[in-house]
Every structure is written in C-alpha cells, then in structure tokens.
Amino acid sequence: MRVSVLGAGSWGTTVAALVCKRHETLVWSRDPGVAEEINLRHRNQVYLPGFALPPALTATDDLVVAAATAQVLIMGVPSHAFRGVLERACDHVPPWIPVVSLAKGLEDETALRMTQIVEQVLPGHPAAALTGPNLAKEILAGKAAATVIATGDETVATLLQEILQRGLLRVYTNGDVIGCELGGALKNVVAIAAGMAEGLGVGDNTRAAVITRGLAELAQLGQAMGGQAATFAGLTGLGDLVATCLSPYSRNRHVGEQLGRGRKLDDVLAEMITTAEGVRTTPVAVRLGDRHGLELPICRTIHRVLTGEITARDAYAGLRHSPAGTESGPW
Ligand SMILES: NC(=O)c1ccc[n+]([C@@H]2O[C@H](COP(=O)([O-])OP(=O)(O)OC[C@H]3O[C@@H](n4cnc5c(N)ncnc54)[C@H](O)[C@@H]3O)[C@@H](O)[C@H]2O)c1
Ligand SMILES: O=P(O)(O)OC[C@H](O)CO
C-alpha cells in the first residue's frame, strides 16, 4: 500500500515512521525545511528532537503529490487546520480511499468531529480515527502501547489495523466512532485541569479526583452526543485520560501546569511550537454542554481560567463553595 500522511508534526511523523516499515510512506510538511531534513538526515528536530527516523520514510512539501499518490490518506494536522488542508488536497485524492484522522479536537465554529469533516469534504470515502493513549515520543521509542482504529466499516478497520500494527503497538478496532473521537478530544480539557492541579502543588488525591470527575464529564457529554457508555471506560476514554493527565510529555497538561504556576495563557502558548488542542476544545465543550443541558463543572471552570476570568488558584479555591451533590458515577 502507498500511505500518505499530511502533517509532519510530532504525531504525523511518528505514525509515518511506524507505517513505513512495511508500506511505502510519504509524509507531507508545509515546511520545506522539515521535509528536507526527513529525507536527507532522517530526523525531524523541530517536533521530535533527538529521534532517528527510518531511512525508508520519505517526505515532500508538495501537497498535490502526497494526496495524488495515496492509497490510504492519514491526516496528521491539528483540528484547526484539518478542513483547510483536506480542502486543498481533496481534488487530488484518488476515489474511495480511506481517510484516517489523527487529530484529537473538534472544529471551532461547527463543533464537528474530524471524521464528520472528512464526510463533508470527501463524501464516499471511508473515514476513520486513530485515537488512544499514545504519546508520540513513547511510541517512537518503541514502548508498548495500545491504540484504537475507530470506523464503522469493518473491512477498512481490518485494513488499517494491519497497516498500523507495529512492534509493541497493539491496534484495536472500535465501531463507536462518536465515542472514540469525543473521548480523544475532551480528555485534553481534563488534562489542562490535571496540569493546573499539578502546578498548584496538589497531591495524588486531587489528581484522582480530577481524572475521575473529568471522566464523568466526558462520558456525560459523549453519551449525550451519541457515544456509547462502554467506550468511555476504554482506551480512547479512560485510557487516554490517564495517559494525558499524568504524562510530563502531554502538551495539554503542560499548559495547565503553567497556568497553575500563575503564568498567563498567551505567554505559555507563545513559547510552544507544538499543539495543545484542549485550549481550543474547551469553549467548544462548553457550547456543547449548553446545547445538551449539562453542567460540566470542570470544562466550565477551565474555560473561565483560559479566558482570564479567574485564576487557577481561584478555580481550586472555588471547590469550597460548590456543593458536591451525589456521586452517580460517570455512567
Ligand atoms: N503528539 C502526540 O503525542 C499526539 C498523539 C496522539 C494524537 N495527537 C493529535 O494529533 C494532532 C497533531 O498533533 P501533533 O502532536 O503532531 O502536533 P504538532 O504541533 O507536533 O504538529 C502539527 C503539524 O501540523 C502542521 N500544521 C499546523 N497548522 C497547519 C496548517 N494550517 N496547514 C498545514 N499544516 C499545519 C504543523 O506544521 C506540524 O507539522 C493533534 O490533534 C493531536 O491532538 C498527538
Ligand atoms: O501532548 P498532548 O496533551 O496533545 O497528548 C498527546 C496524546 O493525545 C496522548 O494520547
């Protein structure tokens, strides 16, 4: 198979590096310098400093070439760039080939999931999402991990499972595309909350409370939007939530941690080269909560911190004043 990955950031490059071991793989970067570095030095120092990439991995800065030669198209750009890049590529994409989203976010204006954007821009193409507890640097280092291909098409699921399964990465399939994509997007908001707790210097009890109540929020919103309850207890829900909330590699947790230390959001983002999807997903989650009549206290509190209405310290102090109610469990 010829596989093209659009987006040569941390995760796009990592997935391309896995796939190229058995399939001809071309990764597209909008930055010619990144493409050249991958081709000539087998490195991507901006996004994956210190890692060697397989010499079999090739790169281009020509979007048309990457789109036109693909038999499987993998979208590795963040959610805010997803529609734009796909629209630029769409006239060159061969008919009916599967399109896989790596992005864990929701479209700002529409609140659409990435596979819904694929269905709009490339109708008739099978759409899938790859999501789960997958920190790029750990996967590239070959550490054991599990991930999920979410698609409603079983034949495509099996094909993608074969393409992506490498070494110690176990690729499961899941037909609940809504639940899997929403888990991946919403856990980033909770990871900001967990990072904030970290920055404020709280303990393991706090971490556990944020993760568990965060899971309740993403399961409530996810089910209201059509996801299945069991999905939120799986790799793409609880699994990714735990990995992202606890890992020092997580960009979302990093943003939260810096806010917890009293820094301003703009300053934190200005010094980051890579993407923290949760910053854009938070207002979308709040809008979706309004639409579905859900309280979502963690998402709403994070939103108030991100907009500068309250500080991270205020957010945690506010726990004193909000009634806990009855724990009905995430489901
Ligand atoms: N890094 C991880 O560990 C990881 C793991 C799983 C999922 N993801 C998800 O994958 C997606 C991509 O994340 P990443 O970590 O690779 O991000 P990144 O910030 O490392 O890289 C983003 C890539 O997209 C490109 N890009 C950004 N805006 C663009 C635009 N408008 N047009 C063209 N290209 C553009 C950048 O040049 C870069 O190559 C995110 O949704 C993220 O949540 C990341
Ligand atoms: O670095 P983050 O916070 O974008 O998280 C990366 C992955 O989504 C973890 O599964």
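**Terms and numbering.** Two strands pair if DSSP finds at least two bridges between them. Helices (H or I, at least four residues) and strands (E, at least two) are DSSP runs numbered from the N terminus. The model is predicted: local features need pLDDT of at least 70, side-chain atom pairs count only at pLDDT 80 or more, and totals for chains, interfaces and linings use all residues. Residues are numbered from 1 along each chain as its sequence is written, while chains are lettered from A and ligands numbered from 1 in the order in which they are written.

Figure 1. Residues are in contact if their C-beta atoms, placed from the backbone, lie within 7 Å.

Figure 2. In β8, Thr173 is the bridge partner of Ile149.

**Figure 3. The contact between domain 1 and domain 2**. The domain assignment of the protein gives domain 1 (2–175) and domain 2 (178–320); such bounds come from an automatic or database assignment. Their C-alpha centres lie 25 Å apart. Domain 1 brings 28 residues to the contact and domain 2 brings 24 residues. On the domain 1 side, α4, α5 (114–121), β6, α6, β7 and β8 each supply at least two residues. Strand β7 gives the largest share of that side, 4 residues. By class, that side has 13 nonpolar, 10 polar and 5 charged residues. Here Ala, Val, Leu, Ile, Met, Phe, Trp, Tyr, Cys and Pro count as nonpolar, Asp, Glu, Lys and Arg as charged, and the others, Gly among them, as polar.

**Figure 4. The shell around ligand 1**. Of 27 residues around ligand 1, those that come nearest are Gly9, Trp11, Ala81, Ala103 and Ala136. A residue is near a molecule or strand if its C-beta atom, placed from the backbone, lies within 6 Å of it. Two or more residues of this shell come from each of α1 and α4 (79–89), with α4 giving the largest share, 4 residues. The shell around ligand 1 has 11 nonpolar, 12 polar and 4 charged residues. Both domain 1 and domain 2 give residues to the shell around ligand 1, so the ligand lies between them.

**Figure 5. The shell around ligand 2**. Ligand 2 is surrounded by 13 residues, the closest being Asn134, Thr244, Ser250, Arg251 and Asn252. At least two residues come from each of α8 (177–200), α10 (235–246) and α11 (251–260). The largest share of the shell around ligand 2 belongs to α10, with 3 residues. This shell divides into 4 nonpolar, 5 polar and 4 charged residues. Domain 1 and domain 2 each give at least three residues to the shell around ligand 2.

**Figure 6. Leu135 and its contacts**. Leu135 sits in the loop between β6 (127–131) and α6 (136–140). The residue is buried, with 21 other C-beta atoms within 10 Å. The term buried requires 20 or more other C-beta atoms within 10 Å of a residue's own, exposed 12 or fewer, and partly exposed a count in between; C-beta atoms are placed from the backbone. Leaving aside residues up to four places away in sequence, Leu135 touches Ala243, Ser247, Tyr249 and Ser250. Thr244 is 109 residues from Leu135 in sequence, yet the two are 7.9 Å apart in space, C-alpha to C-alpha.

Figure 7. Gly262, which follows α11, has a positive phi near 95°.

Definitions and conventions: Two residues are in contact if their C-beta atoms, placed from the backbone, lie within 7 Å.
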